[in-house]
Amino acid sequence: MNIVLKNLVLATLYYIFGRIGLYLASDPAMATIFWPGAGIAMAAVYSCGYRMLPGVYLGAVLVNLTIVYPSSVSIFAIDTTIMRVFLMGIPPMLQALAGSFMIQRVLGLENRLETLRAVLWFSVLAGPVSCLISASLSEFILYSFGVTAWRAIPLSWATWYVGDMLGTLVFAPTGVLLINSSVSRHRKQSVILPLLFLFVLVISVFFYAIGNEKRNRLEGLKTDSTLIVNSLNNSFNAYLEQVKSVRSFFQASEYVSEREFRLYLEDVFGEYPAMESLFWAPRVPKEDLADFERRASQTKGFSFRVVGTQEDGEQKPVALTRDYYFPLYYSAQRFGLNTVQGEDVGENELIRSRLDVSAKTQRPVSSVVSGIFSPDGEAKVALFFPLYTSDVSGERPQDFLRGFIVGIFSPYEMLTETLVNWQSRGIDLTFVADNQDENVKSNETVIFLRRLSALHHRVSFNMLDEHWQLVVSLDKEFLEAHVNWALWYVLGGSFLFTFIVSGFLLVVTGHGAVTEAVVQERTRQLNDQTGFLKLIMDHVPDLVFVKNRKHELIAANEAFLGLYSREDQKTLIGRTGLEIFTEEEQELFKEQDNLAFRKGYSEVFENNTDYRGIIRTFFTRKIRFEDDAGHPFLLGLSRDMTELLTVQSHLESILMTTADGFMVIEHDGKIATFNKACERIFGYEPQEIVGKPVWVLEPDYQAQDEKGNFFYFVRQAGKTGDQVRHELLAKHKDETVFPIYLAASEVRVGHTSFYSAIVRDISEEKKAKEDLRRSNQELEDFAYVASHDLKAPLRHLSLSANFLIRNYSGQFDDKAHELLNIISKSSERMFEMIDSLLAYSSVGRKDVQMSAVALNEVMEDVLDNLSAQIEAVKARISVGPLPEIHGNRNLMIQLFQNLVENALKYRKGSVSPVVKVHAGSSGRFNLITVSDNGIGIEKEYKDKVFKIFQRLHSDAQYPGTGIGLAICQRIVEFHGGTIELDEDYAEGSRFIIKLPAV
């Protein structure tokens, strides 16, 4: 099985049994007294090796993740929680590592736990010793993250340690037994099935006991819930009466001022801590709203407005879309709260509908409120009591409605009051809206929420129109302090008893397995001694046979029998089997047998013809041996060499006829193979050179150079593993020295290695290169000298024409003047062409200094040189980041200056030139583009523009010699690059320059 799959299986098993172990804890946050995962991890790492440690870590992380995740909705937003989860996977992994290491040192690998010593050592090292690691490190991590309190560490550590130890003692030995393939199935069944039954029985009894205790506690919790609900109902009724008394106060007086309203309620907030605010909200018709705001502003002394709170929390004047409004006019609030006046309580649709019901039915209503009524962000409950102008006796009591007495109180505070009397019994109280999951937080519907334990009970609690669920639960600290340890002691004792039974079964079945293994081993040895020879003979691809002195076959393998037909194979043993061969072959085989009988050993290449007439070549060894009685026999071993010899023959044919020279060189430098091409190159016959050192094929002065001779480069190829071509000198048989290319590599065949070398005579190639270089140099020299020498007569011609024009202009007619001007202008034109030709021929002609060149600095120099021209035509030059290349700075300035000058010259009429120089990358090359918005160049002229003196325009349109782009091309090619015209660029001209990257 793939190691990754094994780790995934281990992680899954660790997780599943880890979850089972957590069910044995009274709360998932507590350590369990039985942890099967520790035993599974120990067995897997000991039996399968340390490569299983990732599976242990992953399983532990998954288990811890399932413990942590339900306790926090936003776990993945809490870095410390995630860090704790991943850190908690380390202690189980280190425990499995340390335990496996110690067991291997004492018991070795793959111990089958068959003796009492092995079982005891395994149990002690895997259990009490190694389990100290996980318990200690885990408690340290939990304490560091504030999960475990200092006072709780001893109990938690002890529980953790006992849980890991019991899990290891029960599961680790049986796991090792199950994984070990050398343990018999009978022994596995004899140990694992009884333990499995006992384990299931113990777990079932424990779960029943735990469930029974939980049911008893839950019944008590239900009884307490009834009493708590009654207490809450009394508290709620008291708050209801307080709001009702305010309504009676208003009914008893014709007019109540705001000061009287507040004095009446002065002591309410001290006696009733859950009461937050009390308000008087009169009913104001739409047509009286403006007058009401005016009168209220005069009475209160500040600008009073009836407002509504929008969804974004902003207060705005109410829209005049309803018949009536209920602004909060009088207010009495707890100290520290902001006064809320002018807020229209009927702005909310839900509250407005309930107010309508209250006005019609003459009964109080309630509703959850937040926002401005809850500065602390908690949801509050509002109580609305209707107030009428007089006794209501008609069918429409809402017509007599004066307004509402509004009371705002906090269910959280009411719950806190009640909780004080129940905390000593470990009770937690939680309010949630009806049908709301108590484990999901919601700012709008959840009043008071904390993480619940497994023991909780939900009961309904009504506050007029609001229906809530009261969750009564036992908190964690109470459960931890009131654990029924008798159950845990029984569980620990049960698992300890299971371990004792496990050890007993392991030792008893191990003793039987040892006895059975001894018997099986002896039987196997006897069978092996009988079948060993046949096994070898039948599975060796070579021909194996045994003969006696009469040349009769005593034994033969399947490969040897394949020489004969199926009918002959059945009767072959006991006769010579030479009947299928010719008489000549029969005599030869018998002679070889006799030679081996006399000398004890023989080797020979021989040809055999099988029953189908196919001839094959075999290399046969025959070895004499004697049986216990002293009778001689021959053991024959024959290997089919037909295909190998054929391949060898073909290879030798190829190597001997290849155009390049090929040599095989031994490790001591002696030549082993010398093909026909080598004969032609060096002039030696193979018999003259094979066996001699390779340095006889090179000049003495090169052979004496320890780091420059043939054998040095041959050995270097063997060290580096690369086949690199080197240019060296070689010596012909007639002492002639000539250049060659040498490429060598090391060849390994089994434990033997040698060097192969390929040699090529490059005399003609170097001569051709030298002739080409000399020809190019002569052409360049000719162009340079010719252009330079033409200047002198041309200068005389120009001076003479100008002299005649200046001094004898009156003595010539118009035709003579015209001819003299033509001579003068043609001379000037010729001067320009000669200077251009000199510039072209001088590129790369002499030694050029190459160095690192920053092209952005080059462009700065170009722009400085052309600043006057740029200013004259109002050109805009854009230069992006350009690379650094290896080249000549002056040639680069000439290159880019020519391209920018062309862009300035070939512009469109009066349009200001725009030139852009940018760079990119293409593998091993830098790409630089120079583009403009000029007249452009047609596609059909893309090659012509780079030729010398090739112009597309007349001197009258655009003066010049037509050599600028040719010089650019020569500079770029001198630097190992290319330049070309971008055919797809339509806005002007764009040249793409490709230069090697540094």
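What is the order of the strands in the open sheet of five strands? The order is 24-26-27-29-28, and the pairing is mixed. The model described here is predicted.

In general, the strands of a sheet pair through backbone hydrogen bonds, and the pairing is either parallel or antiparallel. Here, strand 27 (residues 925-932) and strand 29 (residues 990-996) are paired in the antiparallel sense, with seven bridges. Phe925 has Pro996 of strand 29 as its bridge partner.

## Helices across the sheet

Helix 27, which covers residues 855-865, lies across strand 24, strand 26 (914-922) and strand 27. Its direction is at about 170° to strand 24.

Helix 29 covers residues 889-905 and lies across strand 24, strand 26, strand 27, strand 28 and strand 29. Relative to strand 29, helix 29 runs at about 170°.

## The largest cavity

Two cavities of 30 Å³ or more are found in the structure. The largest cavity holds about 170 Å³ of space. It is lined by 17 residues, and those closest to its centre are Phe545, Lys547, Phe560, Phe589 and Asn608.

Which elements each supply at least two residues of this lining? They are strand 13 (543-547), helix 19 (583-599), strand 15 (601-609) and strand 16 (615-626). Strand 13 gives the largest share, three residues. Sorted by class, the lining of the largest cavity consists of nine nonpolar, four polar and four charged residues.

## Arg715

Arg715 belongs to helix 24, which spans residues 710-720. Is Arg715 buried, partly exposed or exposed? Arg715 counts as partly exposed because its relative accessibility is 35%, a value between the cut-offs of 20% for buried and 50% for exposed.

In sequence, Arg715 and Tyr755 are 40 residues apart. In space, the C-alpha atoms of Arg715 and Tyr755 are 7.8 Å apart.

Note on methods: Residues numbered from 1 in each chain as written. Predicted model: local features only at pLDDT ≥ 70, side-chain atom pairs only at ≥ 80, totals over all residues. Heavy atoms only, no water. 1 Å grid on protein atoms, 1.4 Å probe; cavity = no way out; pocket = protein on both sides within 12 Å on 5 of 7 lines; lining within 4 Å. Points joined across faces, edges and corners; volume = space filled by probe spheres on them. Helix = DSSP H or I, 4+ residues; strand = E, 2+ residues; numbered from the N terminus. Nonpolar A, V, L, I, M, F, W, Y, C, P; charged D, E, K, R; others polar. Pairing = 2+ DSSP bridges. Contact = heavy atoms within 4.5 Å. Axes fitted to C-alpha atoms, helices over the stretch in contact; angles between N-to-C directions. Buried < 20%, exposed > 50% of the residue type's maximum accessible area, 1.4 Å probe, protein only.
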